[in-house]
Amino acid sequence: MGTIDSFGRRITYLRLSVTDRCNLRCRYCMPAEGIPKLRHGETLNYEELLRVSREAVALGIEKIRITGGEPLVRKGIVEFAGRLARLSGLRELVMTTNGLLLEELARPLRQAGVRRLNISLDSLRPETFSFITRGGDLRKALHGIAAAEAAGFPPVKINMVVMGGINDDEVVDFAALTLDRPWTVRFIEYMPTLRDEGWRSQCVPGSEILERIGRRYPLMPLVSSEMAGPARNFRIRGAAGAIGIITPVSGHFCDQCNRIRVTAAGVARGCLFSEYGIDLRPLLAAGDDLLLRERLRSLIFGKPGRHHLGEEADGDGMVAMSRIGG
Ligand SMILES: Nc1nc2c(ncn2[C@@H]2O[C@H](COP(=O)(O)OP(=O)(O)OP(=O)(O)O)[C@@H](O)[C@H]2O)c(=O)[nH]1
Ligand SMILES: C[S@@+](CC[C@H](N)C(=O)[O-])C[C@H]1O[C@@H](n2cnc3c(N)ncnc32)[C@H](O)[C@@H]1O
Ligand code: SF4
Ligand code: SF4
């Protein structure tokens, strides 16, 4: 299933940003001064998010990822996840979170039907974690991961955004986490989402990350499954877990892209880096869900072939990751 776009890609994955709010302010994601918050009413309500999801599933979306902002700060998220999980035709409901609220919410989320969790963790050093997140408490994040495991979730995927000069000296330590834990630790190239002039010097290419880990541990490539995301996966010989490299900047995976997005403000977007989006709110207000489906279909047909980061149009189409959901 899945609608085929004009480049022959099968679109089966929707990333749904349920809020632009967050209990952290990671340096790579938000500017120091924060981002003007959407007002109440500017964010889609749960009923609207469900209607959009239902139409997306009717077009062949099989996997929905709840993201944000931090999805767990939105009130009622567990009940919403439960309703979403029951959408007929949806094969997989998953979530990306910073994990801080998982101590309370991991168990209810699992019961609600969330199948897997990806958790962001950018440092194993309390001071660096606090520096990157502007005040976050590493212990809380680690307790969150432990709570996910205790709640019976399958082994988590850990997302680490590698920032040169800040946490890149920790990549081998992160890789070592997989030796005796079944986690998949994924290293993500820092993307220039903040129109940050200095991003090039802070973006460590995936090839270099792999090389650094490979100098310490023997790495074997793994084959990805079809529902897999953008990571290329490896295993340290004999390790319990796996390692993934996500290289949106140096070696984009756009030719295999299978996803669309809906931002917290209710704009459907074909690409993380494209300016073009469809405001779904007027369609939702009009109550015409078949039209909603047709507009989503046209979004899929119009989905760009790839991004142009690092080329002439550098910086075009940027949108705050906390609104679009990464
Ligand atoms: N450029 C680009 N980056 C993406 C895309 N999807 C995810 N990412 C980045 O990849 C990182 C991990 O994303 P996740 O939210 O864990 O989702 P995922 O990688 O699709 O997850 P899995 O389905 O479990 O593989 C984040 O930094 C995202 O911003 C994409 O379509 N394009
Ligand atoms: C925007 S967050 C939303 C979900 C949740 N708050 C979290 O942090 O996991 C989703 C993903 O986007 C990633 N992300 C945000 N800004 C990024 C950037 N500039 N470069 C690479 N990844 C980024 C985060 O690391 C996270 O994995
Ligand atoms: S990456 Fe996630 S946790 Fe960090 S500021 Fe962005 S939305 Fe919040
Ligand atoms: S940059 Fe755009 S086309 Fe490329 S993988 Fe990401 S969302 Fe897909």
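Helices H3 and H5 cross in a right-handed sense; a crossing counts as right-handed if the near helix is turned clockwise from the far one by less than a right angle, and as left-handed if anticlockwise. The model is a predicted one, in which local features need pLDDT of at least 70 and side-chain atom pairs count only at pLDDT 80 or more, while totals for chains, interfaces and linings use all residues. Residues are numbered from 1 along each chain as its sequence is written, and chains are lettered from A and ligands numbered from 1 in the order in which they are written.

H3 spans residues 102–112 and H5 residues 138–150, and the two pack at an angle of about 20° with their axes 8 Å apart. Here helices (H or I, at least four residues) and strands (E, at least two) are DSSP runs, numbered from the N terminus. Axes are lines fitted to C-alpha atoms, for helices over the stretch in contact, and angles run from 0 to 180 degrees between N-to-C directions. H3 and H5 are therefore roughly parallel to each other, a label for angles under 35 degrees, with over 145 counting as roughly antiparallel, 65 to 115 as roughly perpendicular and the rest as oblique. On the H3 side, Leu102, Glu103 and Ala106 meet His143, Gly144, Ala147 and Ala148 of H5, where contact requires C-beta atoms, placed from the backbone, to lie within 7 Å. By class, this contact of H3 with H5 has four nonpolar, two polar and one charged residues. In this classification Ala, Val, Leu, Ile, Met, Phe, Trp, Tyr, Cys and Pro count as nonpolar, Asp, Glu, Lys and Arg as charged, and the others, Gly among them, as polar.

A second pair is formed by H1 (residues 46–58) and H2, which pack at about 25° with their axes 11 Å apart. H1 and H2 are therefore roughly parallel to each other, and H1 passes H2 in a right-handed crossing. Tyr46, Leu49, Leu50 and Ser53 of H1 make the contact with Phe80, Arg83 and Leu84 of H2. These residues divide into five nonpolar, one polar and one charged.

For H6 (residues 171–180) and H8 (residues 206–216), the packing angle is about 65° and the axes lie 9 Å apart. The crossing of H6 and H8 is right-handed. Val171, Val172 and Ala175 in H6 meet Ile209, Arg212, Ile213 and Arg216 in H8, a contact with five nonpolar, no polar and two charged residues.

Turning to the strands, an open sheet of twelve has the order S9-S10-S11-S8-S7-S6-S5-S4-S3-S12-S13-S14, with mixed pairing; strands pair if DSSP finds at least two bridges between them. S9 (219–221) and S14 (277–279) stand at the edges, each with a single partner strand, so one side of each has no neighbour in the sheet. From one strand to the next, the twist averages 25°. Within the sheet, S4 (residues 63–67) and S5 run parallel and are joined by four bridges, and Ile66 has Met95 in S5 as its bridge partner.

Two backbone features lie in loops. Gly68 and Gly69 are joined by a cis peptide bond, with omega about 25°, and Gly69 belongs to the loop between S4 and H2 (77–85). Arg134, a residue other than glycine, has a positive phi near 55° and sits in the loop between H4 (126–133) and H5. For context, most residues other than glycine have a negative phi, and most peptide bonds are trans.

Ligand shells complete the picture, with a residue taken as near a ligand if its C-beta atom, placed from the backbone, lies within 6 Å of it. Ligand 2 is surrounded by 20 residues, of which Ser120, Asn159, Met191, Met321 and Gly326 are the closest. The elements giving two or more residues to this shell are S5 (92–97), S7 (157–162) and H11 (321–324). The shell around ligand 2 divides into eight nonpolar, eleven polar and one charged. Around ligand 3 there are 13 residues, with Cys22, Leu24, Cys26, Cys29 and Asn98 coming nearest; by class, the shell has six nonpolar, five polar and two charged residues. Ligand 4 is surrounded by His252, Phe253, Cys254, Cys257, Cys271, Leu272, Phe273, Pro304, Arg306 and His307, which divide into seven nonpolar, two polar and one charged.

Methods
Two residues are in contact if their C-beta atoms, placed from the backbone, lie within 7 Å.
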